[in-house]
There are 2 protein chains.
Amino acid sequence: MIRTLTAILATLTLPYPAVAQDAPRPNQPSPNQIVAEASADEWVAIPAEDLLVMTLAPDRDGEPRKVVIQLMPEPFSQGWVANIRTLARAGWYDGISVNRVQDNYVVQWGDPNYDNPEAEGAAKSLPEGLRVMEESDYVAPFEIQPLYPVTATQRMSAVADLIERGGMPDLPQVRQIIERQQGDSYAVETMMIKGWPFGAGAGEGSSEVVWPVHCYGMVGVGRGMSPDTGSGAELYTVIGHAPRHLDRNIALVGRIVSGMEHLSSLPRGSGALGFYTSEETDERTPIRSIRVASDLPAAEQPRFEYLSTESETFARYAEARANRRDPFFIVPAGGADICNIPVPVRTSPAD
Amino acid sequence: MIRTLTAILATLTLPYPAVAQDAPRPNQPSPNQIVAEASADEWVAIPAEDLLVMTLAPDRDGEPRKVVIQLMPEPFSQGWVANIRTLARAGWYDGISVNRVQDNYVVQWGDPNYDNPEAEGAAKSLPEGLRVMEESDYVAPFEIQPLYPVTATQRMSAVADLIERGGMPDLPQVRQIIERQQGDSYAVETMMIKGWPFGAGAGEGSSEVVWPVHCYGMVGVGRGMSPDTGSGAELYTVIGHAPRHLDRNIALVGRIVSGMEHLSSLPRGSGALGFYTSEETDERTPIRSIRVASDLPAAEQPRFEYLSTESETFARYAEARANRRDPFFIVPAGGADICNIPVPVRTSPAD
């Protein structure tokens, strides 16, 4: 594959190499280079019904700030996902704000007057038709067939296929990756399902369940104390190290696919848990609106696609995330945690 | 222990509980509550020689921005640590800038004219006396006795002691934690040594080695392509999900202990890898100075301490991070990755 200057730059910590290489180093493609070579049919278009466009107030320089959120597909978290569409279509989110920014944790937005004795106004009444979800909905049955191989045997055989086709490094290294990627401190197994990261483990009785995991940029549903499960009126996204202890304790509904920087760079709140205090009301970034993309005029609808987690390119990309052999690296890790294999999402190329 | 309103607030995602609890829920202390109850002798004062005070230019509102960095202790990364003190004492860092902010990755600072064809000036010459480090220095021999128990047997016995003293939950749950915390996708073992997070695994030949890990807020040494190992003139900190694939590939020298928000909230660069482009030179936050704290007048020296990772409170805190039983939570995770057990650091209480 042609190593362009841009591709080489993409592997450096400094803008340009400081010294010439005097010994042979690994010279394999980086994960991003692998993704760039994916064929068009390995990308899956995201339905406009699954995209939200969140418009924040312009920044201090008057620049617009748009955030696009991809909602999870069926059958995951669908009650909350439906609620979010209902709230968006009722215009309920218009005029709410970002009320909490806690470093290495979350940005959270919703009605600043919700359940707040220091509120300056009454809480916004919620629209009709919101579903009340159960705590059992935080997980889904394991019978949903994950299309990314789960067991070591399945993974080995998928990788063996790839090696035969000439795309992958040798088996012993791959075996090591596979065995170490299976579980982590939080889940007996981790896996990709339909383009999303999941943990799996024991459910009630002798069942097995899967649940979405709190990787950077994932979007979840704020709630009060159990048994409250939240409606979708209060949302948050992860802006630090994946807080996996929240998995299975709160609903995840989607991820930020564009404009994350508009949230992650917000000033941190000085109050407990990163809430803006009553002296910091000016810091609360106003949210002008959240719209379901399919409700926008066609010309304004963002068009995004994700790299299929069932594709050969995704498997090669995941392996490269686990074993960096591009020139900057010296010691491939031999494994990667699921949140260190972000699913590539991009704007769809023009037709 | 007394549950103050502040303590209860610390466990909520929303400012106040939305609904009353109608079934008994776990009501154990949160990790932060456990730390708050530590005895004074469980906190270890950080020597002023190990603290750096980095002063950024004031923000747009004229507010000062100070960042404090704790350097790693002997015997870890000491060549780079010594270089950083040399550079700070030579005033070399005065007038450099933050040149790169890449979302979910790093903030990086150094000489914007270093090895940059678009530079507006000549690169700053480095002071005399900087050590040239080897790639073998990225790891340390395992003979350094970790004081936090490493093997499952050692951990079980430490925990058994705690249970006898009445501080911990039942053994089967603890066993599960211990067995799952031992390794992860990146290291055969993970452990705390002298207040820092490490991975451990095979080194050259049949040796075993330990290496610091890239948790959120850790500070590392920018370098060019191997065999360059960096001097310490170029530094970075992690502002997203722990990029553990960098472990063993680059030197880690410390962590941000105060003022992280001044770095993590910076605007992201638009160039490749989050570098600010030539059109964005105004975005580069100037660094006024970096000083070794022991060189400052006594009244200006920051005083920090960390919770000993050999202490009973730390063990209870780590267990609570792995199994949240404070009221907000429903399902304790049963384990935690090492970067999800941040070592508590605080300003020292006034004498």
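Colleague: What must hold for a charge to sit over a ring?

Modeller: A charge sits over a ring if NZ of Lys or CZ of Arg is within 6 Å of the ring centre.

Colleague: How far from the ring centre of B:Trp211 is the charged end of B:Arg248?

Modeller: This is a predicted model. In it, the charged end of B:Arg248 sits over the ring of B:Trp211, and its distance from the ring centre is 4.1 Å.

Colleague: Which residue has its charged end over the ring of A:Trp92?

Modeller: The distance to the centre of the A:Trp92 ring is 5.2 Å. The cut-off is 6 Å. The residue is A:Lys124.

Colleague: How many aromatic pairs are there over all chains?

Modeller: Rings of Phe, Tyr and Trp pair if their centres lie within 6.5 Å. Over all chains, the count is ten.

Colleague: Are the rings of A:Trp80 and A:Tyr138 stacked, tilted or edge-to-face?

Modeller: Their centres are 5.6 Å apart and their planes stand at 15°. Planes under 30 degrees apart count as stacked. The pair of A:Trp80 and A:Tyr138 is therefore stacked.

Colleague: How many residues apart in sequence are the parts that A:Trp80 and A:Tyr138 tie together?

Modeller: A:Trp80 lies in helix α3 of chain A. A:Tyr138 lies in the loop between β5 and β6 of chain A, so the separation of the parts is 58 residues.

Colleague: Is B:Phe76 buried or exposed?

Modeller: The relative accessible area of B:Phe76 is 3%. Buried means under 20%, so B:Phe76 is buried.

Key
Residues numbered from 1 in each chain as written. Chains lettered and ligands numbered in written order. Predicted model: local features only at pLDDT ≥ 70, side-chain atom pairs only at ≥ 80, totals over all residues. Heavy atoms only, no water. Phe/Tyr/Trp six-rings, centres within 6.5 Å; stacked < 30°, edge-to-face > 60°. Helix = DSSP H or I, 4+ residues; strand = E, 2+ residues; numbered from the N terminus. Buried < 20%, exposed > 50% of the residue type's maximum accessible area, 1.4 Å probe, protein only. Lys NZ or Arg CZ within 6 Å of the ring centre and 35° of its normal.
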